[in-house]
Amino acid sequence: MRGLQVLRDVDTIAAEDTRHTGKLLHHFEIKTPQISYHQHNEQQRIPELLDRLQSGKSIALVTDAGMPGISDPGYLIVSACVAAGIRVIPIPGVTAVVTAVSASGLPSDRFVFEGFIPVKGQERRDRLESVSGDARTLVFYESPHRLRQTLADFAATFGEDRQIVIGRELTKLHENFWRGSINSAIEHYTNTEPQGEYTLVVAGAPISHP
């Protein structure tokens, strides 16, 4: 309810995709004008948005399928606002990383969020190697067309027996969770075509005692 009221009250909505946000606004009969703000125009938009804010206008930032700034556009404008002394008010909303960890059944008192890992081979391997010995639960985002390769890389780096929980389309209509070993996950997705956005929750490295 708070989020809807904010969208009604602000002067402008900066949306990652004005078409997607437009459907939400239309459903709730919200007439606030939109302006596009996404990863391809962030740098160009920031001075314009800052000018509006400094003139006393209010702006709500909306991303399509997550929380602004968490593997979504938003960090740059928030940083610019902080530097300019403009107040930033977070409106709590859905974020897949916390949603996945809370329902994973893996330890949630300490976890590491790695977001999307690099696409390139060496950078990818280096990133995974850097967390392979971490005892905390590991969380990654992945797209459907790279899921199989990522699971293979997990097996090579973390070992085939490490437990993994795979959340798909979290908080959406077709949400589901798959649980098992990394090797079992590879077998499952060899026979199942990946679809939708994935959040991968991987058990931390076993703690070895002397």
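This is a predicted model: local features need pLDDT of at least 70, side-chain atom pairs count only at pLDDT 80 or more; totals for chains, interfaces and linings use all residues.
The chain contains eight helices and eight strands. Along the principal axes, its C-alpha atoms fill a box of roughly 60 × 35 × 30 Å. Of the 210 residues in the chain, 41% are buried. Among contacts with a separation of 6 or more, 64% are made by residues 24 or more positions apart. The accessible surface of the chain amounts to about 12,100 Å², and carbon and sulfur atoms contribute 51% of this area. The chain carries 21 positive and 25 negative charges, whose mean positions are 4 Å apart.

Six aromatic pairs were counted in the model. In the pair formed by Phe140 and Phe154, the ring centres are 5.0 Å apart and the planes stand at 50°. Because stacked pairs have planes under 30 degrees apart and edge-to-face pairs over 60, this pair is classed as tilted. Phe140 belongs to strand 5 (residues 137–142) and Phe154 to helix 7 (residues 147–158), so the pair ties together parts that are 14 residues apart in sequence. Both Phe140 and Phe154 are buried.

A further pair consists of Tyr189 and Tyr198, with ring centres 5.8 Å apart and planes at 90°, and is therefore edge-to-face. Tyr189 and Tyr198 are both buried.

Methods: Residues are numbered from 1 along each chain as its sequence is written. Side-chain values use heavy atoms; hydrogens and water are left out. Helices (H or I, at least four residues) and strands (E, at least two) are DSSP runs, numbered from the N terminus. Buried means under 20% relative accessible area, exposed over 50%, partly exposed in between (1.4 Å probe, protein chains only). Contact means heavy atoms within 4.5 Å. Accessible areas come from the Shrake-Rupley method with a 1.4 Å probe; for residues, only the protein chains shown count as cover. Lys and Arg count as positive and Asp and Glu as negative; His and the chain ends are not counted. The place of a charge is taken as NZ of Lys, CZ of Arg, CG of Asp or CD of Glu. Rings of Phe, Tyr and Trp (its six-membered ring) pair if their centres lie within 6.5 Å; planes under 30 degrees apart count as stacked, over 60 as edge-to-face and the rest as tilted.
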